Amino acid sequence: MFRAFVQRNRPRDSMFLYKSMIKGGLLCIDNYTYPILIQGCSVGFAEFEGRELHGHVVKMGFAGDVYVVNNLINMYSVCGRVGDARKVFDESPLRDLISWNSMLAGYVLGGCVEEAKLLYAMMPRRNVIASNSMIVLLGKCGRVSEARQLFNDVEEKDLVSWTALISGFEQNMMYEEAFDLFLTMYNNGISVDEVVIVAVLSACSHLSSIRTGELVHGLAVKVGFETYVNLQNALIHMYSICGDVFSAKKLFNTGRYLDLISWNSMISGYIKCGMLENARELFDKMPEKDVVSWSSMISGYAQFDKFSETLALFHEMQCAGVTPDETTLVSVVSACTQLAALEQGKWLDAYIRKNGLKVNTILGTTLINMYMKCGSVENAVEVFEGMEEKGVSSWNALILGFAINGQVEKSLETFEEMKKCRVAPNEITFVAVLGACRHMGLVEEGRRYFDSMVNEYNIEPNIKHYGCLVDLLGRSGLVKEAEEVINTMPMAPDVATWGALIGACKKHGDKETGERIGRKLIQLEPEHDGFHVLLSNIYASKGNWENVMEIRGMMSQHGVVKTPGCSVIEADGVVHEFLAGDKSHPRIEEIDGMLAEMGRRLKRLGYTPGVGEVLLDIDEEEKETNLSRHSEKLAIAFGLFATSGPAPIRIIKNLRICGDCHAAAKLASEAFDREIVIRDRHRFHHFKHGSCSCMDYW
């Protein structure tokens, strides 16, 4: 009866029966009964009951029975008590080969490499089981060369020996070695099983070698393993990772036995191929979902910039009572960052704290990034200081965050503190530091940091570093020097670098250089809207409307459409979006009323519309009307009545804020006594009491 309960995975029932027998005085227990009961404790990870049985074993005089001892060693090992297992092993008066193998298996399970090596060396007789256990352990612990040497030393290898080393290669990202060993195994006539084929398919997936994967698939069919569910899942995963989602779908649709992994693999395959609708359709059809299912779908939405869908599905996950994992939380926090959904981001932060979830380096850095990009510097610093482990990415997020929020001095101080903490800066760190310099026009400091990156830290500058240097020089009026950097840098300039230079030409009135570069750029990048717009603006500022019309004709000819200004604001947990000239918002009448009130108050403070920003051949009154309906002004007007002080009005703008809107936002912060935070394409502007954190340098 005891054996029947254990075999049917009902170990608690076997213990209940045992205790009932003791209470009833039926002590017909022998050295064959205790091993069965101890096995039940191993199956159910029941350490407490196992210890009780151990006490009974000693009391009943079976502590010297090797069969009982071996099961006690296994029970303690399975329950994570390797020290107790070793104590039983050492105190046993009689040990057989199974005793040694059981103790070795315990060390393998616990990842105790050195202890296992000592025990293996002490074994009076080693069989292939012990050698295989050591190969598995060494592979799991990254000591692949030792595993390979031991494999070579084993005279009589079996299937498990080959599988152990192949799996060791695969676990340590030595995928080509894994496949080569598999070929050697197959060519030597060693029969294969499901386990080794799954390991080899994983290697094929990581190598993106679909042709090799197809050959392994053919072998699986030949030997009759194709219907095994683990193998089906590995095949679905391999085809999905290699981009052949149709073969994966065929396997999924024809599979006789599908489990949760099958569904999750297929969903991941659709997502990898950008087929989000197919993935969501399959997700909705799932008979049951686990955290991996939810995480895959949520991460897929975030990966393809479907941020609203990311938050909506996360809300569904919460309603379903599923606890999110780190991957899910990182995706959702990233979505909050992109949507400027600070309140939802704060809720997530509170949720993480309330549920005692561990904030590791990745999640912590994502939270810092979210707070910084929503303009909430204090919260970002709080997260950083609360992190137990701070990686270089965490420091980078803080340095960059201070810079884009106008706290350049604090940004550079943090960089110095990072070095004092012996955290080595990387190339991303210097992008952040150079970015801090360009936000305040710190030319000499920027040059010094650029040189130290090369000379002190042996970091080779990439296109982003050169782009920062060009932008720094250009913003400071050193247009010729910025162009010289472009002409001498060791790689071709990218769109952002050219954009920085032509933007500097426009800002500092170097129209000749701007026109020359602009003409060249629209030939190189005829479909880039930003270059066309900048060149058009340079012509418009010169009053050269004929050339303006020429540029617009070229845009029309190439199907180039100017990206419309768009501003986003969150109110009561809902994200609202405004386009320039927008009249579609359901509360547009209230917005128009507030715009009129803004106009009255701002004019009393000396505001004059900067009609020079409107580079259109229209009269002054039309220019003023055009300016008043820029997307950020619509968002500010909405925020003034839809959000309550003293909380700041937080807005994200997809383009660089124009000079007129910048001036209007400064005065609005004074006229309405509200802090206004606008994140534009390049940085944050914190408007308070009539001034801006950028000190009018942007």
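Which helix is V245 found in? V245 belongs to helix α16 (residues 245-254), where helices (H or I, at least four residues) and strands (E, at least two) are DSSP runs numbered from the N terminus. This is a predicted model, in which local features need pLDDT of at least 70 and side-chain atom pairs count only at pLDDT 80 or more, while totals for chains, interfaces and linings use all residues. Residues are numbered from 1 along each chain as its sequence is written, and side-chain values use heavy atoms, with hydrogens and water left out.

**V245**
- V245 is buried, at a relative accessible area of 2% (buried means under 20%, exposed over 50%, partly exposed in between, with a 1.4 Å probe and protein chains only).
- Leaving out residues up to four places away in sequence, V245 touches Y239, M266, G269, Y270, C273 and M275 (contact means heavy atoms within 4.5 Å).
- From C-alpha to C-alpha, V245 and C692 are 52 Å apart in space, and 447 residues apart in sequence.

**Helix α19**
- The end C-alpha atoms of α19 (residues 291-303) are 18 Å apart, which agrees with the 18 Å that its 13 residues should span at 1.5 Å a residue (the expected span is 1.5 Å times one less than the number of residues).
- Ten of the 13 residues of α19 are buried, including W294, M297 and Y301.
- These buried residues pack against α17 (260-272), α18 (276-285), α20 (307-319) and α21 (326-339).

**Sheet**
- Six strands form an open sheet in the order β2-β1-β3-β4-β5-β6, with mixed pairing (two strands pair if DSSP finds at least two bridges between them).
- Its edge strands, β2 (574-579) and β6 (691-692), each pair on one side only.
- Strands β3 and β4 are parallel and share four bridges; I652 has R679 of β4 as its bridge partner.
- Strands β4 (residues 676-679) and β5 (residues 684-688) run antiparallel and are joined by four bridges; I678 has H685 of β5 as its bridge partner.
- In β4, I676 and I678 point one way, V677 and R679 point the other way, and all are buried.

**Second largest pocket**
- The second largest pocket has a volume of about 470 Å³.
- Of its 26 lining residues, L342, E343, A647, P648 and R650 are the closest to the pocket centre.
- Elements giving two or more residues to this lining are α22 (342-354), α24 (377-386), β1 (566-571) and β3 (649-653).
- A pocket is an open set of points on a 1 Å grid over the protein atoms alone, where a 1.4 Å probe fits, with protein on both sides within 12 Å along at least five of seven lines; lining residues have an atom within 4 Å of a point.
- Grid points are joined across faces, edges and corners, and the volume is the space filled by probe spheres set on the points.
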